[in-house]
Structures are given as C-alpha cells and as structure tokens.
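Here's a walk through one protein model, a few spots at a time. Have the sequence and the 3D view open side by side as you read.

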Amino acid sequence: MAFVYSRVPGGGKLEKFLATMPGVQAALDEARFEIAARAEELLLQHRLEGHARIDVVDGEVDKYVVLDDERGKAAALSIEYGRAASVEVRTRKDGTTYLATVGAMDGLFILARAANLPKKRKGKVHLD
C-alpha cells in the first residue's frame, strides 16, 4: 500500500483523485480478489456449519474483504480472534431457559492470514 502526503489546501483531494484513478482501482480489485480467494480457502478448511462466508465490499474509494457470519458480528469476531469460555442463558423451543457452557476457542485469523498481516492477539473477545 502506498501513502501520498500532500500539502494541497483542502487536504485529501489529491489523494482521493489518485486513489480513484482507473489503474489504481484495478490494482485494488486485483489485490482484493487474491485476498478474498485465500480467505475463502482458509475458511473452507475450518467450516463446521456453514454460517460464515467471505464477502467483498466496495467503499467510496477503498475495497474491503469481509468475514461475515449470519449469527452476527460477535460470531465473526470469535472466528477471527478467538473467544474466552463463557456461560450463556439459552431458550428452548418450549420457552424454558437453561445455562449452556461455551468453550474457549483460539482465533483462526482468516483475514489476517489471507492478507499476509501479522496476527495481533491481545486476549480473547469478550462479549458482555
């Protein structure tokens, strides 16, 4: 990734102009495709129930590879960074509740590994 620093009044206009050039956008598309393909391959190696998937998203200028999980952001975060053990209150179909123990899980770092980024673990994800 390249960073362009300018002293143009109104800051950011030059950077946005350069970033939106067709050649730059094509290079971003290519890099995003490669990262998304690696991420999908890594996710398929660990997929248990098929709730998670890899998506690609276009920003105004940037391109994103996203780990998406239909169970919500917490599930995607747990897949990427891991989770600590916890006890949850769950509800049965008949309406009664019970306590369920959820075991700890190490993160898979799907996106970090796909993009060749360092794994930055600063503890497990805690959702309170």
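## Around the end of helix 4

Let's start with asparagine 116, which sits in the segment after helix 4. Helices here are DSSP runs of H or I with at least four residues, strands are E runs of at least two, and both are numbered from the N terminus. Asparagine 116 has a relative accessible area of 62%, so it is exposed. The cut-offs are under 20% for buried, over 50% for exposed and partly exposed in between, with a 1.4 Å probe and protein chains only. Its phi is positive, about 55°, although asparagine 116 is not a glycine.

Phenylalanine 109 is another non-glycine residue with a positive phi, near 50°. You'll find phenylalanine 109 in the loop between strand 6 (105–106) and helix 4. With 3% relative accessibility, phenylalanine 109 counts as buried. As background, most residues other than glycine have a negative phi.

## What you're looking at

This is a predicted model, so local features need pLDDT of at least 70 and side-chain atom pairs count only at pLDDT 80 or more, while totals for chains, interfaces and linings use all residues. Residues are numbered from 1 along each chain as its sequence is written, and side-chain values use heavy atoms, with hydrogens and water left out.

The protein has 4 helices and 6 strands, and along the sequence they run α-α-β-β-α-β-β-β-β-α. Of its 128 residues, 22% count as buried. Take the contacts (heavy atoms within 4.5 Å) between residues at least 6 apart in sequence: 44% of them join residues at least 24 apart.

## Helix 2 and its cover

How does the span of helix 2 compare with what its 25 residues should give? At 1.5 Å a residue they should span 36 Å, and the end C-alpha atoms are 36 Å apart, so the two agree. The expected span is 1.5 Å times one less than the number of residues.

The buried residues of helix 2 include Gln25, Arg32, Ala36 and Ala39, along with Leu42 and Leu43. Their cover includes helix 1 (13–19), strand 1 (52–58), strand 2 (63–69) and helix 4 (110–114). In general, an α-helix has 3.6 residues a turn, so residues three or four places apart point the same way.

Glutamine 25 belongs to helix 2 (residues 22–46), and its 16% relative accessibility is why it counts as buried. Leaving out residues up to four places away in sequence, glutamine 25 touches Ala19, Thr20, Val61 and Lys63. With lysine 63 there is a side-chain to side-chain polar contact at 3.1 Å. That term means a pair of N or O atoms within 3.5 Å; within protein, one must be able to donate a hydrogen and the other to accept it, and residues adjacent in sequence count only if both atoms are side-chain atoms.

Methionine 21 is in the loop between helix 1 and helix 2, and at 35% relative accessibility it counts as partly exposed.

Alanine 100 is in strand 5 (residues 97–102) and is buried, with a relative accessible area of 9%. Beyond neighbours within four places in sequence, alanine 100 contacts Ser86, Val87, Glu88 and Arg90. Valine 87 is 13 residues from alanine 100 in sequence and 5.6 Å away in space, C-alpha to C-alpha.
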